[in-house]
Structures are given as structure tokens and as C-alpha cells.
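Hi,

Here is the structure I said I would pass on.

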Amino acid sequence: MNAYISSFTADLIGFAGMFCIVSAFAYSNVAKVMNMILFNLTNLLGAILLTISLLVNYNLPTLVLEIVWMGIALFGLAKEFKRRRQVAT
């Protein structure tokens, strides 16, 4: 991926991902009622952006962490969509 994205650009993408994840965490601590779709989508986006960054500026433990983070966010989204479908019926 280094041929497509410079290290500096990868860092900017990584910072955007970090901002998403930190924002989602802050939101989870201040929201009176959490929108789980917003929370999990923000976490998923953050993990995807950090993964892109890590494919350029490689760090295996952090890459594995982001893959796990994406899995948890996808699980949370699936759970929330299922819950909303059950409530609607």
C-alpha cells in the first residue's frame, strides 16, 4: 500500500480514525441515551481508518487490535439492527 499512500497521508488517516474512536468513547460517557448505531458506526469507521494507516506504517499488535475492534463494532451493529427489527414487528 506504500505505493499509493505516503507515510504522512497514512498518519493523517490514522489521526482521523483515532478521532472517531475517541469521539465515540467520549459520546458513550456523556450521552443520556446512546444511539448504538451511531456509536458502533463511528467505532467501525475509526478502526477502518486506523487499519488503512497501519497497512502503511505497519504495527502488528495494533493492526490485530483494529481488526478485533472492527469485529466488535460489526457485532454491535448487527445486534442493534436485530433489536430494532424485533421492536418494529
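Predicted model: local features only at pLDDT ≥ 70, side-chain atom pairs only at ≥ 80, totals over all residues.

Residues are numbered from 1 along each chain as written, and side-chain values use heavy atoms, without hydrogens or water.

Now the overall picture. The chain has 3 helices and 0 strands (DSSP runs numbered from the N terminus, H or I over at least four residues for helices, E over at least two for strands). Following the sequence, you get the pattern α-α-α. The C-alpha trace spans about 50 × 25 × 20 Å along its principal axes. Of the 89 residues in the chain, 30% are buried.

Next, how the helices sit against each other. Helix H1 covers residues 7-30 and packs on H2 at an angle of about 155 degrees, with the two axes 7 Å apart (axes are lines fitted to C-alpha atoms over the stretch in contact, and angles run from 0 to 180 degrees between N-to-C directions). That angle is why H1 is roughly antiparallel to H2 (over 145 degrees; under 35 is roughly parallel, 65 to 115 roughly perpendicular, the rest oblique). The contact of H1 with H2 is made up of 16 nonpolar, 8 polar and 1 charged residues (Ala, Val, Leu, Ile, Met, Phe, Trp, Tyr, Cys and Pro are nonpolar, Asp, Glu, Lys and Arg charged, the others, Gly among them, polar).

What about H2 and H3? The axes of H2 and H3 come within 8 Å and cross at roughly 155 degrees. So H2 is roughly antiparallel to H3. In the contact of H2 with H3 you will find 17 nonpolar, 5 polar and 3 charged residues.

- Leucine 55 is partly exposed, at a relative accessible area of 42%. Asparagine 2 is 53 residues away along the chain, yet the C-alpha atoms of leucine 55 and asparagine 2 are separated by 8.1 Å.

Last stop, the largest pocket. How much space lies in it? About 170 Å³. Which helices supply at least two residues each of its lining? They are H2 (36-56) and H3 (60-88). H3 gives the largest share of that lining, with 7 residues. The residues lining the pocket are Met36, Phe39, Asn40, Asn43, Trp69, Ile72, Ala73, Gly76, Lys79, Glu80 and Arg83. By type, the lining splits into 5 nonpolar, 3 polar and 3 charged residues. A pocket here is an open set of points on a 1 Å grid over the protein atoms alone where a 1.4 Å probe fits, with protein on both sides within 12 Å along at least five of seven lines, and lining residues have an atom within 4 Å of a point. Points are joined across faces, edges and corners, and the volume is the space filled by probe spheres set on them.

Cheers

Note on methods: Buried < 20%, exposed > 50% of the residue type's maximum accessible area, 1.4 Å probe, protein only.
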